[in-house]
Amino acid sequence: MTARWPVLVLIAAFFVPALGSRYYTFLANDVVIWALFATSLNLLVGYTGLVSFGHAAYFGIGAYTTGFLMKKIGVPFLLAFPAAGLLAGLFALVFGFFCVRLTRIYFAMLTLAFAQIVWAICFKWNEVTGGEQGMPEIPYPDFAWLERVAAVVPSLGYRTSEYFYFLTLLMVAICLWLLRRIVGSPFGRMLTTIRENPERAEFIGVNVRRYELGAFVIAGAFAGLAGGLFGIFNRGVFPDFAYWTKSSEVLIMTLLGGMGTFFGPALGALVLLWLNQQIVSYTQYWPLILGTILVVLLFVFPGGIAGAVLGLWRRLSRRPASA
Amino acid sequence: MLEVRELRKSFDGFQAVGGVSFSVPRGSVSAIIGPNGAGKTTLFNLITGHLRPDAGSVSFKGREVTGIAPHDLCRLGMGRSFQRTNIFPQLTVYENVQAAYVSHRGRGWSLFERVERLFREEAESVLASVGLLDKAGEVAGFLSHGNQKQLELGIALALEPEILLLDEPTAGMSAQETRESIQLIERIARERGLTLLFTEHDMEVVFAISQRITVLHQGRVIADGAPDEVRRHPEVRRVYLGERH
């Protein structure tokens with residue numbers, strides 16, 4: 001059961017533009033990108049037990065990388081996109097080298113400090129990042145060949161934004177598949193031992209710092225890829241991509257969805273963004289409502305939505321057996 | 001096999017271990033005893049690299065290993081168990097032991113392989129020898145205290161150690177559990193040709209199975225030798241065995 005439903009969700013997601021609502025496609029695109037961002041963070045929070053408050057740094061670096069390459073140099077998407085992961089991963093390697101030397105709250109604070117440095121650089125380095133004004137009008141990838149196909153097969157006639165949605169979906173699906181493989185790999189198991197008991201992990205021969213750094217780089221690289229997609233989706237890259245509020249947003253999604261499960265954070269992204277859209281149209285007190293949701297969540301469902309659903313499902317499926 | 005020379009460690013001016021020397025021959029069963037606060041656990045932590053000594057040296061298999069990291073010592077063939085039970089509570093019993101194999105056999109950096117079937121036979125054979133095979137699928141944190149101790153031993157064995165350091169392996173056990181668990185440890189050490197160094201508060205256990213006993217008192221060695229010598233040692237009788245009468 002666990003192996004199939006992500007594929008079903010993916011197939012269903014491909015039909016969102018067919019609903020004919022630009023708004024739904026827009027929302028779905030947003031959700032898909034944030035799902036990748038949150039899942040990348042969960043590699044640290046949920047699997048390794050490292051709480052990062054500065055994950056937006058890598059999201060921002062990725063967004064600027066892809067944005068800069070595509071807009072200023074005209075590099076095609078297929079190169080500019082992986083470059084986002086590469087550069088974000090590289091920065092994560094440098095920052096992470098220092099961060100993993102600290103534990104718990106000190107680790108969290110240092111990740112935040114590095115993220116704020118990244119933000120400040122994006123904000124001030126006018127020549128490259130466009131400074132405060134950001135980098136507007138990032139071009140869409142070239143879909144000319146798709147449009148030629150669409151000219152022959154009429155039912156494929158979509159807007160560019162919708163083509164981009166399909167592309168996002170494909171890229172995120174590949175990334176999530178890779179991440180899934182990683183958490184199910186021997187490396188992933190080593191990360192879990194660190195989360196569970198770092199002292200004992202050391203004495204089964206795990207070089208804790210090095211593994212933590214490995215997780216940090218991988219998480220940073222995938223956050224960078226999410227950022228690369230987001231810059232194009234957003235039609236522009238701005239310094240606030242790397243701001244601490246973005247870091248906290250993605251952390252909230254991860255907790256809301258449930259850090260104990262692989263797809264929890266993606267679910268969190270869906271719920272948070274959808275709720276945000278819904279509630280903002282009724283009231284201006286979105287932060288108040290978000291706060292309330294979080295309080296309830298932390299006390300009643302510490303495993304997040306996915307944890308609660310899974311617990312319920314287990315209880316329901318066990319009942320007939322014991323009766 | 002293991003040689004400790006003039007090891008010292010102080011915490012905020014309090015001398016926990018003050019110049020301890022002893023050696024553990026290959027294939028022997030040795031015990032470190034002493035009253036609470038004698039420095040046994042600190043000494044263990046110094047040997048296994050969890051603490052850095054202020055002075056002195058540790059050599060293992062003829063190689064100077066003072067102050068090297070636990071994960072490196074582990075690779076050299078030193079296994080340990082902890083006084084406070086130390087397992088991976090949210091993993092299953094099987095996964096606990098398997099993780100040790102994955103790490104020890106150097107497969108930890110394999111990113112895209114599936115972990116489930118890796119080292120299944122090895123892990124199951126270790127679980128069988130510590131008597132936990134029937135509980136392989138259970139979540140480790142929910143096991144009884146005695147079972148968790150067995151699991152810890154299993155994890156240590158998965159590292160294919162040459163020497164096993166056990167810090168109070170029977171802490172918190174009933175007399176019956178203690179006897180069973182000591183028999184288990186002794187049998188495993190014999191079967192696998194392990195050198196054993198352990199700390200223990202139960203004197204019956206210590207004198208029953210060890211070939212050498214080192215007695216610590218206030219961070220110093222006051223006696224070191226075969227059980228009979230130690231039993232007759234006047235200072236040991238005064239400071240340690242005396243307390244029990």
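Predicted model: local features only at pLDDT ≥ 70, side-chain atom pairs only at ≥ 80, totals over all residues.
Visitor: Into which domains is chain B divided?
Guide: The bounds come from an automatic or database domain assignment. Chain B splits into domain 1 (1-77 + 161-245) and domain 2 (89-160).

Visitor: Which helix gives the most to the side of domain 1 of chain B that touches domain 2 of chain B?
Guide: Residues are in contact if their C-beta atoms, placed from the backbone, lie within 7 Å. By that rule, eleven residues of domain 1 of chain B touch eleven of domain 2 of chain B. Helices are DSSP runs (H or I, at least four residues), numbered from the N terminus. With five residues, the top contributor on the domain 1 side is helix 6 (residues 175-192) of chain B.

Visitor: How many residues does helix 3 of chain B give to the side of chain B that touches chain A?
Guide: The contact between the chains takes 28 residues from chain B and 21 residues from chain A. Helix 2 (70-76) and helix 3 (93-104) of chain B are the elements giving two or more residues to the chain B side. Helix 3 of chain B gives the most, and its share is five residues.

Definitions and conventions:
Residues numbered from 1 in each chain as written. Chains lettered and ligands numbered in written order. Contact = placed C-beta atoms within 7 Å.
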